[in-house]
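Dear colleague,

Please find the structure below, handed over for your records. My notes on what was found in it follow directly after.

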Amino acid sequence: MSGADDGTETARSLTEWLDQLAFADLAEGEAATRIADSVQRWAQWQGWRVYRRAPSVFPLPPPLKGSSVIDVACARPDGPPLAIEIDRTDRQRTVDKLLAEAAAGRVAIWVRWGTGPFPPPPLPVHLVVREATRRSGRWHTVSAAPPAPRHSGAVPSGDAVHAEELPWEL
């Protein structure tokens, strides 16, 4: 990724990577871990250093002291660091944390998973979605419907049909 990337191409790349992630029959914590593991593999595939549960610039809420953590942080030699949060729920605290990370010069990415809806966070936070459904208390990924098969162009048996009358592409 180029250092000029504002995070849009990075988020697109991560979206494409997570679109390939499939799981079935996982508890919520197991599904979140599977997604975080996949994010880590994506970053390592890019050649970046990866840190799980890295310190955040965002403070913990009172009465706790110290800083919050980022689910996955990445150091990149060719661009600003990444701060990636992975959540199933829509939490304002996550948005605030990612906005603070962006203000500190990091590319902020929010990986949302579950059934949605997934309202977009404020810029400069980038949204990456991995849809999943819950059945009997267990989580399963949702795959986009496969594209319609390309027809062979053979004319169906029966009455003669002109090619221009066929409802599909030859």
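Helix 2 covers residues 28–45, and at 1.5 Å a residue its 18 residues should span 26 Å; the end C-alpha atoms are 26 Å apart, so expectation and model agree. Please note that this is a predicted model.

The buried residues of helix 2 are Ala-31, Ile-35, Ala-36, Ser-38, Val-39, Trp-42 and Ala-43. They lie on the same side of helix 2, because the arc they cover around the axis is only 155 degrees. In general, an α-helix has 3.6 residues a turn, so residues three or four places apart point the same way. The partners against which the buried residues of helix 2 pack are helix 1 (8–19), strand 1 (49–59), strand 2 (67–75), strand 3 (82–87), strand 4 (107–114) and strand 6 (138–141). Just after helix 2, Gly-47 adopts a positive phi of about 90 degrees.

Ala-43, in helix 2, has 0% relative accessibility and therefore counts as buried. Leaving aside residues up to four places away in sequence, Ala-43 touches Trp-48, Val-50 and Cys-74. Between Ala-43 and Cys-74 there are 7.0 Å from C-alpha to C-alpha, although they are 31 residues apart in sequence.

Turning to charged pairs, the whole structure contains nine salt bridges. One of them joins the side chains of Arg-88 and Glu-28, at 3.2 Å from N to O. Arg-88 is in the loop between strand 3 and helix 3 (92–103) while Glu-28 is in helix 2, so this pair ties together parts 60 residues apart in sequence. Arg-88 is partly exposed, at 27% relative accessible area, and Glu-28 is also partly exposed, at 35% relative accessibility.

A salt bridge also links Arg-52 and Asp-37, with 3.0 Å between the closest N and O atoms. Since Arg-52 belongs to strand 1 and Asp-37 to helix 2, the pair ties together parts that are 15 residues apart in sequence.

Asp-90 and Arg-112 form a further salt bridge, their closest N and O atoms being 3.8 Å apart. Asp-90 lies in the loop between strand 3 and helix 3 and Arg-112 in strand 4, so parts 22 residues apart in sequence are tied together. Arg-112 counts as buried, at 3% relative accessibility.

Of its 170 residues, 36% are buried.

With kind regards

Key: Residues are numbered from 1 along each chain as its sequence is written. This is a predicted model: local features need pLDDT of at least 70, side-chain atom pairs count only at pLDDT 80 or more; totals for chains, interfaces and linings use all residues. Side-chain values use heavy atoms; hydrogens and water are left out. Buried means under 20% relative accessible area, exposed over 50%, partly exposed in between (1.4 Å probe, protein chains only). Helices (H or I, at least four residues) and strands (E, at least two) are DSSP runs, numbered from the N terminus. The expected span of a helix is 1.5 Å times one less than its number of residues. The arc is that of the directions from the helix axis to the C-beta atoms. Contact means heavy atoms within 4.5 Å. A salt bridge is a side-chain nitrogen of Lys or Arg within 4 Å of a carboxyl oxygen of Asp or Glu.
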